[in-house]
Amino acid sequence: MTTLPSCESCPTDRTKIVILGGGPNRIGQGIEFDYCCVHAVMALREAGFETIMVNCNPETVSTDYDTADRLYFEPLTAEDVLEIIYKEQTKGCLLGVIVQFGGQTPLKLARALQDAQIPILGTSPDAIDLAEDRERFQILLHKLGLRQPANGLARSVEEAEEAAEKIGYPVVVRPSYVLGGRAMEITYDSAALRRYMEKAVYISGGHPILIDLYLQDAIEVDVDVVADTDTVFVAGIMEHIEEAGIHSGDSSCCLPPHSLSPDLVREIARQSEILARAIGVVGLMNVQFAIKDGAVYILEVNPRASRTVPFVAKATGIPIAKIAARVMAGEPLKNFGLNPQILTHVSVKSPVFPFARFPGVDVVLGPEMKSTGEVMGIDRSFARAYAKAQIGAGMRLPLTGTCFISVKDRDKGAAITLAWQLVNLGFDLIATTGTAAALNEAGVPVRRVNKVYEGQPHIVDAIINDEVQMMINTTASGAQMLGDSFSLRRTGLMRGIPNYTTLAGARAAVEAIVVLQNEGEALDPVSIQSYLAG
């Protein structure tokens, strides 16, 4: 246990720590940050600190009256937080404020708190800015010899077009200092970029717009790290199921990675450790990587808790939020005896979406977060764990029937292999004209069906008539393309038909169907503890 600071003038023998929450819950904010805040309170109370929570979310545990020693149900603004801290300082010794656990909202307050001479526990405000400021971060990566996709900054339409032309389309564009991929898009031409910039400049609030080369067909990887000034522990390396470009909160992911080589995993861990030391992380850090043609690219570094922290903690049995809180309060990380793990089980996190509750919302996934929850499947293999996660998410995968396939031109080659797998599993296939032609040419038995605008009977009629049990629909970017296929995705959603809008997600679903066909009755619930016990 850490030695607590003492102050003879304090009317209490307990030193205070203030934890800032994430504010009102909303899509993109994530209840996972509330989990981190609560675990921080629990760990610090166990260590003998007096905990003060500042948050204003009536739906979360952090705002229960008995979670922290004291709760301020107030907005997360600099003015309100400073007023609370000044009040607390008159009644005892304040060790500092934790801003890492509430997501981006409290992180934005770090500079204002420092300017008011309020101590920030953990990663310093300057280190936070180093990771958040694109220009400073780029200089750091060049110094460390680490890669990132070609990128640029823009504060106007003209600057954005110039940067995108230099980088090359498609590009990922997003405002600075936002959470949940808010207002993030993939643009494929200058017209789409101009439309984006008209709204993004306002959302960015004076900060520059970030423009990155979009790495098509790359594998995205999330890494959570706990560190202090002497030690770095890589807590979890997670491979996304969906390709890079889908928001991490909307992508299924597995721990440990199921398709990356051991050498790549070691290299990702090495780069994560280098970044934590170079930035000066004390507490939690999340890194997002993309793997393209065997090369490792750094997409983003967040010197704070991430939405994957609860998943990593449950999958590994290591309470990393609690440990990080104790580290930020001054306890050395080496005291916790953490060592790299060799897991004998696979854990899969799958998102849960609210699409059915929002009329007119499209199910196509992208860089802006849409999910409102997540589930976890755990087993001895990836396929079994993914099958459990899909069941937990309410996705009833069919074991027989008809699968509808309609994919964009770039996906047609890869769709052939997937189609053969479905045929070998006993499925019948129907497809739109272009996809059907590609499958027929490869010898895959498939029946052509009309698109909606081609006239009845069309694919939506087939869905309504219960002739479709599964859908694979990847759509090219653009309002026209998405609009033409919206009705079939929406109809499938309302009728509860599993629909995969990325080939990577569809491949994982097919692996799960194999398991369900062969071992469905053997997928009994087993406690997490039984896997962690070995």
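**Exercise 1.** How near do the axes of helix H13 and helix H17 come, and at what angle do they cross? Decide whether the two helices are parallel or antiparallel.

*Solution.* The model is a predicted one.
Step 1. Two packed helices are described by the angle between their axes and the distance between the axes.
Step 2. Helix H13 covers residues 412-424 and helix H17 covers residues 503-519; their axes come within 11 Å and cross at roughly 20 degrees.
Step 3. Angles under 35 degrees count as roughly parallel. H13 and H17 are therefore roughly parallel to each other.
Step 4. The crossing of H13 past H17 is left-handed. On the H13 side, the contact is made by Ala414, Ala415, Leu418, Gln421 and Leu422. On the H17 side, Leu503, Ala506, Arg507 and Val510 take part.

**Exercise 2.** In what order do the 7 strands of the open sheet lie, and which are the edge strands?

*Solution.* 
Step 1. The order is S13-S12-S9-S10-S11-S14-S15, with antiparallel pairing.
Step 2. S13 and strand S15 (373-379) are the edge strands, as each pairs on one side only. From one strand to the next, the twist averages 25 degrees.
Step 3. Take S9 (residues 219-227) and S10 (residues 232-243): 8 bridges join these antiparallel strands. Valine 221 has glutamate 239 in S10 as its bridge partner.
Step 4. Helix H12 (residues 382-392) lies across S10, S11, S14 and S15, and runs at about 145 degrees to S15.

**Exercise 3.** Is lysine 292 buried, partly exposed or exposed, and which residues does lysine 292 touch?

*Solution.* 
Step 1. Lysine 292 belongs to strand S12. Its relative accessible area is 24%, so lysine 292 is partly exposed.
Step 2. Not counting residues up to four places away in sequence, lysine 292 touches Gln216, Asp217, Ala218 and Tyr297.
Step 3. Alanine 218 is 74 residues from lysine 292 in sequence, yet their C-alpha atoms are 4.8 Å apart.
Step 4. The lysine 292 side chain reaches the backbone oxygen of glutamine 216 at 2.5 Å.

Technical notes. Residues are numbered from 1 along each chain as its sequence is written. This is a predicted model: local features need pLDDT of at least 70, side-chain atom pairs count only at pLDDT 80 or more; totals for chains, interfaces and linings use all residues. Side-chain values use heavy atoms; hydrogens and water are left out. Helices (H or I, at least four residues) and strands (E, at least two) are DSSP runs, numbered from the N terminus. Buried means under 20% relative accessible area, exposed over 50%, partly exposed in between (1.4 Å probe, protein chains only). Contact means heavy atoms within 4.5 Å. A polar contact is a pair of N or O atoms within 3.5 Å; within protein, one must be able to donate a hydrogen and the other to accept it, and residues adjacent in sequence count only if both atoms are side-chain atoms. Two strands pair if DSSP finds at least two bridges between them. Axes are lines fitted to C-alpha atoms, for helices over the stretch in contact, and angles run from 0 to 180 degrees between N-to-C directions. Angles under 35 degrees count as roughly parallel, over 145 as roughly antiparallel, 65 to 115 as roughly perpendicular and the rest as oblique. A crossing is left-handed if the near helix is turned anticlockwise from the far one by less than a right angle, and right-handed if clockwise.
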